[in-house]
Amino acid sequence: DDASALHGTDSVTVLELPDLPGGHGAFELAAKFCYGVVVDITAANVAVLRCAAEYLEMTEEMEEGNLAFRAEAFLTYVVASSWRDSVVVLRTCEGLSPWADDLQLVRRCSESVAAKACTSPRAVRWAYVGRTSPKTPRAAGTSTGDSGSPPADWWVDDVCVLRIDHFVRVVTAVQARGMRPDLIGVAITRYASKW
């Protein structure tokens with residue numbers, strides 16, 4: 001090949017991808033995927049994989065069942081149905097701008113979180129343990145009301161770990177879904193106190 005003729009057979013080709021979302025870790029996972037190594041897609045890495053797949057053009061146009069497709073399937077069928085996973089993906093999107101926004105990851109996860117936060121506790125069978133806070137002390141496993149439902153602000157502490165722009169997206173989404181204004185106020189107050 002031309003490179004071998006110019007530089008000899010021992011030359012090394014250097015490929016620089018300075019704007020790759022997720023950096024070298026994302027490239028390593030994508031390369032493993034290309035070489036048939038099983039890559040476990042998790043809530044912690046799905047946003048990075050989805051953004052890197054888009055950047056590297058690992059889409060269905062190139063090959064069926066490619067990395068972008070698999071990451072999208074995980075987002076749709078696993079993350080969207082899970083409170084914890086939706087919050088984890090929002091956290092991992094923090095370092096993936098503008099890719100995560102362009103691929104609608106932030107919007108979809110914010111809406112998933114909002115939908116779950118706005119679900120009536122009476123309509124859901126909860127496996128809620130609860131958190132101890134100065135305002136509402138309770139031991140893990142104790143009832144938080146007559147029905148054993150979590151308190152109305154059960155979701156606030158989890159979203160308070162988000163970066164401000166993602167927190168605002170969640171608050172806007174819960175407001176659009178009709179969340180009580182006093183609970184939105186609790187979320188904003190707790191977020192301001194934390195940060």
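Tutor: The protein chain averages a pLDDT of 83, with 81% of the residues scoring at least 70, where pLDDT is the predictor's confidence in each residue, from 0 to 100. This is a predicted model, in which local features need pLDDT of at least 70 and side-chain atom pairs count only at pLDDT 80 or more, while totals for chains, interfaces and linings use all residues. Residues are numbered from 1 along each chain as its sequence is written, and side-chain values use heavy atoms, with hydrogens and water left out.

Student: How should I read a pair of packed helices, and where do the axes of α3 and α4 come within 8 Å?

Tutor: Two packed helices are described by the angle between their axes and the distance between the axes. Axes are lines fitted to C-alpha atoms, for helices over the stretch in contact, and angles run from 0 to 180 degrees between N-to-C directions. Helix α3 (residues 46-55) and helix α4 (residues 67-77) have axes that come within 8 Å and cross at roughly 145°. The contact is made by Val46, Leu49, Arg50 and Ala53 of α3, together with Leu67, Ala68, Ala71, Glu72, Phe74 and Leu75 of α4.

Student: Is phenylalanine 167 buried or exposed?

Tutor: Buried means under 20% relative accessible area, exposed over 50%, and partly exposed in between (1.4 Å probe, protein chains only). Phenylalanine 167, whose place is in helix α9, has a relative accessible area of 4% and is therefore buried. Not counting residues up to four places away in sequence, phenylalanine 167 touches Val159, Cys160, Leu162, Ala187, Ile188 and Tyr191. Leucine 90 is 77 residues from phenylalanine 167 in sequence, and their C-alpha atoms are 9.3 Å apart in space. For the protein chain, buried residues make up 36% of the 195 residues.

Terms used. Helix = DSSP H or I, 4+ residues; strand = E, 2+ residues; numbered from the N terminus. Contact = heavy atoms within 4.5 Å.
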